[in-house]
Amino acid sequence: MEIMDIDLLSGSKKLGVTNSFSQDFDIILCHGDVLDFLKTIPSKKISLIVSSPPYNIGKPYEKRQEFENYLKWQKKVLEECVRVLRNDGSLCWEIGNYIEKSEVFPLDFYFYKIIKEDLGLTLKNRIIWRFGHGLHARMRFSGRYETILWFTKSDKYKFNLDRVRIPQKYPGKRSFKGKNKGLPSCNPKGKNPSDIWDIITKDWDEQIWDIPNVKSNHPEKTIHPAQFPIELIERLVLALTDENDWVFDPFMGVGSALIAGLIHNRKVAGSEKEEEYVKIAHQRILDALEGKLKRRPLGKPIYTPTGKEKISRIPEEWNRLSIGVESE
Ligand SMILES: C[S@@+](CC[C@H](N)C(=O)[O-])C[C@H]1O[C@@H](n2cnc3c(N)ncnc32)[C@H](O)[C@@H]1O
């Protein structure tokens, strides 16, 4: 076990690379199996459990198994998650599709059943995380969203909307009738971000327009094939927890959810079975604490091409080939 004290301007944080949960730390990185780590966490300790589990689709970090067995395993993990969740806490499960013989099985459909019907939590939102780019499908429409199922354990849950409001599109709008006629009608604090989140996985900022492989140029990209953008989790951390609450990611990967928590002064814990990812998570956390981690800040607008960029112009070859919309 490695224990490290880190002095920060804002105080001192204690980081432990350890196999068991301890209240003495502010940051816990467990290199090991999720179920083993979960057993060490006392009941009703965690305010926010946020994770993206393996989807059983044969990514480098997982072995495909029978879908039924995969769901049974996930149910065991979720049972333990519910045990360690505080009564006013939230569980957010980020999932896409499981695919077998070209058939799509939407995982949130199966997880809803487990978390709501078997484990008794209440669904608050089914958030659509929409991204503009990704693999191009050939025999079905290309997938461009995943979902986050946000569940609470009781009706007395934390939810602070004001911390995550976004700018109004038309702040100058005014009421046109009633007692407020003529007065500004928008909330000056901003609007509710809604349940569709345009948080991108690949940064299309001006400076990367001319670099062919944008994926590898996202400022947060590591070797992990399925990492969260930090800003995706920041919104959940801010809305669903308070400072010094515990945030836990059972399938931590390279620690994106932990970084989102740390940036906002939460205590954080994560478990991950691949040593290489734990090492990267460790380094990213140290960089984040020193203010050195490159990241895409929460709420940064998505770049909209002006049409003048080289990459948004129609290639001359296409004009020569006279490719166009053909009548069918
Ligand atoms: C979808 S990825 C999560 C990535 C993470 N959200 C991030 O931003 O880096 C799922 C992770 O779960 C890990 N994992 C799979 N089975 C595990 C287990 N039994 N115990 C702990 N971690 C596991 C995988 O190695 C993988 O890194």
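Trainee: Which residues of helix α2 are buried, and what makes them so?
Mentor: In this predicted model, Tyr70, Gln74, Leu78, Cys81 and Val84 of α2 are buried. A residue is called buried if 20 or more other C-beta atoms lie within 10 Å of its own, exposed if 12 or fewer, and partly exposed in between, with C-beta atoms placed from the backbone. These five residues cover an arc of only 110° around the axis, which puts them on the same side of α2; the arc is that of the directions from the helix axis to the C-beta atoms. An α-helix has 3.6 residues a turn, so residues three or four places apart point the same way. Glu68, Asn69 and Lys72 are exposed on the other side of α2.

Mentor: Two conventions apply. Residues are numbered from 1 along each chain as its sequence is written. As the model is predicted, local features need pLDDT of at least 70 and side-chain atom pairs count only at pLDDT 80 or more, while totals for chains, interfaces and linings use all residues.

Trainee: Why is α2 called a helix, and how does its reach compare with the expected span?
Mentor: Helices are DSSP runs of H or I with at least four residues, strands are runs of E with at least two, and both are numbered from the N terminus.

Trainee: Against which elements do the buried residues of α2 pack?
Mentor: They pack against α1 (34-38), β4, β5 and α3 (107-118). Contact here requires C-beta atoms, placed from the backbone, within 7 Å.

Trainee: What makes helix α4 largely enclosed?
Mentor: Nine of the eleven residues of α4 (residues 230-240) are buried, so the rest of the structure largely encloses this helix. Among them are Ile230, Glu231 and Arg235. The buried residues of α4 pack against elements including β8 (122-130), β11 (246-249) and α5 (256-263).

Trainee: How do you know whether lysine 101 is buried or exposed?
Mentor: Lysine 101 has 4 other C-beta atoms within 10 Å, so it is exposed. Its place is in the loop between β6 (97-100) and β7 (103-106), and it has a positive phi of about 45° although it is not a glycine.

Trainee: Is serine 194 buried or exposed?
Mentor: Serine 194 has 11 C-beta neighbours inside 10 Å and therefore counts as exposed. Serine 194 also has a positive phi, near 70°, and lies in the loop between β9 (145-152) and β10 (196-197).

Trainee: Why are β6 and β7 called paired strands?
Mentor: Two strands pair if DSSP finds at least two bridges between them. Glutamate 100 stands opposite glutamate 103 in β7.

Trainee: What makes strand β12 mostly covered, and which strands pair with it?
Mentor: Six of the six residues of β12 (residues 267-272) are buried. Lys267, Ala269 and Ser271 point one way, while Val268, Gly270 and Glu272 point the other. Strand β3 (residues 27-31) runs parallel to β12 and is joined to it by five bridges; cysteine 30 stands opposite serine 271. β11 pairs with β12 in the parallel sense over four bridges, with tryptophan 246 opposite lysine 267.

Terms used:
Two residues are in contact if their C-beta atoms, placed from the backbone, lie within 7 Å.
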